[in-house]
Amino acid sequence: MSSSGRPSAAVASGDLQIVSAPSSRTAISALPPRHPTNSSSALVEYTPPVINQEEEDLEVKLRRILDHVPVRVNNTSGSSAGSGSGDFHQYRQMRRKEQDRLARMDVDFHKRKQVAEFNKRREERLKATEERTAKKRLKRQKKKQKKQEKKMKLEGVDNCEEDHHKEDDNDKSSDEEDDQNE
C-alpha cells in the first residue's frame, strides 16, 4: 500500500506481497490452526498408516534387490523379420535347459512328496506302537498291583494267625499259671 491508502500498482496487478505475521504464534506451522474444541467438521479424518517395522524392513530389502540385481534376458532374438541359421541351435539349447529345469522341479516335487508320505506313515506307526506299549504297560501294572494286594492279604492273614497263636499261647500259659496257683 502506498501512503495514500491505495494499493500500489504491483499489488493490484496480482504480484505477491510479503506481510509480517502477528507475533502471537511462536512456531510457524504448515497446517492451519486447529479448532479449539479439537472436533473436526470433516466427514473422514486422515490418520497416517501405521507401518510395522518388519514390513518396512521387507520393503527396504525388496527395493534394494530391485535396484541392484540386474534383469537378465538370455539369447534374445533380434528384431529382424527372419531367423538365421544359428537361431535353431540357440532355440534347441534354450528348450533343453527349460526341459531340464522342469524335470528337476518334478523330481524335487516327487522327493518332497515321498518324504512327506514317509513321515506321515512313520508318525502313524510310532503312534500305534506307543498305544500298544501303553496298553501293555497298564496291563503289567495291574498284574503287579494285584500280586502286591494278594501278597499283602496273605501277610495280613499270616499276621492275624500268628497273633491268634500268640494269644492262644498266652491264654494257655495264663491258664497253667492259674492251675499252679490253686
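## Fold and model

From the N terminus on, the elements of the chain run α-α-α. The secondary structure amounts to 3 helices and 0 strands, where helices (H or I, at least four residues) and strands (E, at least two) are DSSP runs numbered from the N terminus. This is a predicted model, in which local features need pLDDT of at least 70, side-chain atom pairs count only at pLDDT 80 or more, and totals for chains, interfaces and linings use all residues. Residues are numbered from 1 along each chain as its sequence is written, and side-chain values use heavy atoms, with hydrogens and water left out.

## Confidence

The average pLDDT of the chain (the predictor's confidence in each residue, from 0 to 100) is 75, and 54% of the residues score at least 70. Among the elements, helix H3 (residues 87-181) has the highest mean pLDDT, 84, while helix H1 (residues 9-12) has the lowest, 51. Where pLDDT is low, the predicted coordinates should not be read in detail.

## Surface and burial

The chain has 182 residues, of which 0% count as buried. Buried means under 20% relative accessible area, exposed over 50%, and partly exposed in between (1.4 Å probe, protein chains only). The accessible surface of the chain is about 18,700 Å², and 53% of that surface belongs to carbon and sulfur atoms. Accessible areas come from the Shrake-Rupley method with a 1.4 Å probe; for residues, only the protein chains shown count as cover.

## Salt bridges

The structure holds 3 salt bridges, each defined as a side-chain nitrogen of Lys or Arg within 4 Å of a carboxyl oxygen of Asp or Glu. Side chains of opposite charge can pair when their charged atoms come close. Glu98 is partly exposed at 35% relative accessibility, and Arg101 is partly exposed at 36%.

Asp108 pairs with Arg112, with the closest N and O atoms 3.3 Å apart. Asp108 and Arg112 are 4 residues apart in helix H3, which means that about one helical turn separates them. Asp108 has a relative accessible area of 37% and is partly exposed, whereas Arg112, at 58%, is exposed. A salt bridge also links Glu130 to Arg137, where the closest N and O atoms are 4.0 Å apart. Glu130 is partly exposed at 46% relative accessibility, and Arg137 is partly exposed at 34%.

## Charged patches

Patches are made of residues with over 30% relative accessible area and no salt bridge; like charges are joined within 9 Å, and nonpolar side chains (Val, Leu, Ile, Met, Phe, Trp, Tyr) within 5 Å. Lys and Arg count as positive and Asp and Glu as negative, while His and the chain ends are not counted. The place of a charge is taken as NZ of Lys, CZ of Arg, CG of Asp or CD of Glu.

Arg132, Lys135, Lys136, Lys139, Arg140, Lys143, Lys147 and Lys151 form a positive surface patch. Lys135 is located in helix H3 and is exposed, with a relative accessible area of 65%. A negative surface patch consists of Glu54, Glu55, Glu56, Asp57 and Glu59. Glu56 is located in helix H2 (residues 53-68) and counts as partly exposed at 35% relative accessibility.
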